[in-house]
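Please read the following note alongside the model; the points concern two regions, taken in turn.

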Amino acid sequence: MNLKYQFSYVKSLLERYGFRGLFYKAVERGKSPMLSYTKHYRRFMPSEKELKRQREETFPYMPLISIVVPTYETPERYLRELLDSVFAQTYQNFQLCLADGSATDAVERIVAEYMRGGSKIRYQRLKENGGISENTNCGLKMAEGEFFALMDHDDVLSKNALYEMVRCLNTAYSKEERNMALIYSDEDKMNQDSSVYSRPHFKPDFNLEFLRRNNYFCHFLLFSAELLKRAGTLKKEFDGAQDYDFTLRCVDAGAIVSHVPKILYHWRIHEGSTAGNSVDKAYAFDNGCRAIEEHLKRSGEEGRAEVTENLGVYRVEYTLSGVYRIAVFAEEEGQIASLKRHYQTVNQDKKPFRLEIAYYKTDSGIEKECMGDYIVYIRKGIRVNPNGLLETLLRHCQHSHTAAAGAKILKRRKRVSSCGLAYGADGRLVSLNGGIPAEYKGYFLHAVIPKNVSALSFGCVMLQKKAFLQAGGFDRSLKGRYKDADLCFKLTELGYRIVTAPELAVMDFNKEEEPDDPPPLFLSRWEEKLQTPDPCYNSNLSLQNGRTYAMKE
């Protein structure tokens, strides 16, 4: 990359993060456990033996897949690598639809070479360059498949990409469900000459709150022709965030979403790519805000989206309106006094919402009789900043699908104690982002972005009272995080979501304890659930305390 570009890039980082923020960003990246991926990425690629087996496999359902690529003056090396990666697929029932908006014939000449070898390519030279959305839509019109997959013109597919997608269609969907299928995979980055692979993105399964802050689906994305018909094609007015808007519209149209936790896509980093250059694309992030806000309107959940210093990641503030009746259960008088002082002085007259709060110094099971539609628990030893505390939790918990929202918990050494809990097959509960400095943002910002999790540590948590009672409340024969997780599991079994809200941080002054072994009751009650990988985590990642979001060894 040239010096002018590097200077512009560093300048933009300083403007966004400031010196302190950029320092911690650099330190965190320098200590990332994912740096070793470059040496070990082949672990995540199929062996030649496995590729041979895939080529010989026949599925009960083998649909035609149309891979749609909008091209524009694509450098020859990038285009050839893309084409070679597509034709190297172990699943061969595909067509490649190229919509070329180039002013020269550079792309056309290369494609003509590949077209001599067979009829899998459909190529159209567009009369004019309509931009990425319009060019992609032209490619979609050319497509004849039952399923479509989108690909950028300078990227590369893993050889097993289509195979894994079709395998998912055969194993995760019924015949009736396939018409609404949307499948995404994990991905990584590669440098300009394809010699270095880095920054793998091991993603959670469908996670609505996470998706509302960033388009983590991204690549590799496959969707049905029927879903495209219902959601509509890409919209030019969202250029730069057209794929984000499209993904959200698919979800709103009723997409049945699946995730393949394998690296199937290699996103090339270079000056002209989104992966390498976000400096000069402010319009794209403004369009991302609009895409989120339109999605929220369709969902009946009004809110406002804002660009953050982490470009491509958004802050979403849900709208509060009406009267909210809250019962606060705190185990210390000081916690109650602090909240009372704050909320007695807050002027609610000019706000579109009103809080009615009752306080209880107990955790003795009187939740059925307590006043309010929402219950807040603050455990002993937890120090909270009352400013905005209840409002932050309410913004999540007011939604009918969200039963619980919990704060990020920090320890006295200013390290993260818990930002949600993940579970393993052995029943152990692991604190997400546990042990990282409070200033760090975590792997793909998991320590600062609200997201759905399987369970929370109830240091400071809000619950919908209706959902809490529907789940039967706490099982008081369980203790600590297993009591918390048991309730969370019961809530998710009822169809509710659990949210970690790391924009709200509280301090835990309790003595650090070694994690307990899972109680036999917890193991027997949730035996079946524990055998299924945590959908809010990724099976390629470590489930060791203090080493979450590191590669599994």
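**Notes on an aromatic pair and a buried strand**

1. F329 and Y360 are both buried, a term used for under 20% relative accessible area with a 1.4 Å probe and protein chains only. This is a predicted model, in which local features need pLDDT of at least 70 and side-chain atom pairs count only at pLDDT 80 or more, while totals for chains, interfaces and linings use all residues. Residues are numbered from 1 along each chain as its sequence is written, and side-chain values use heavy atoms, with hydrogens and water left out.

2. Rings of Phe, Tyr and Trp (its six-membered ring) pair if their centres lie within 6.5 Å, and planes under 30 degrees apart count as stacked; by this rule there are 32 aromatic pairs. The ring centres of F329 and Y360 are 5.0 Å apart with planes at 15°, so this pair is stacked. Because F329 belongs to strand β12 (residues 322-330) and Y360 to strand β13 (residues 353-360), the pair ties together parts 31 residues apart in sequence; strands here are DSSP runs (E, at least two residues) and helices are runs of H or I, at least four residues, numbered from the N terminus.

3. F329 and Y360 form one aromatic cluster with Y377, F458, F468 and F474. K483 lies over the face of F474, at 4.9 Å from the ring centre, where the rule asks for NZ of Lys or CZ of Arg within 6 Å of the centre and within 35 degrees of the ring normal.

4. In strand β2 (residues 94-100), 7 of the 7 residues are buried, so the strand is largely enclosed by the rest of the structure. F94, L96, L98 and D100 point one way from β2, whereas Q95, C97 and A99 point the other way.

Note on methods
Buried < 20%, exposed > 50% of the residue type's maximum accessible area, 1.4 Å probe, protein only. Phe/Tyr/Trp six-rings, centres within 6.5 Å; stacked < 30°, edge-to-face > 60°.
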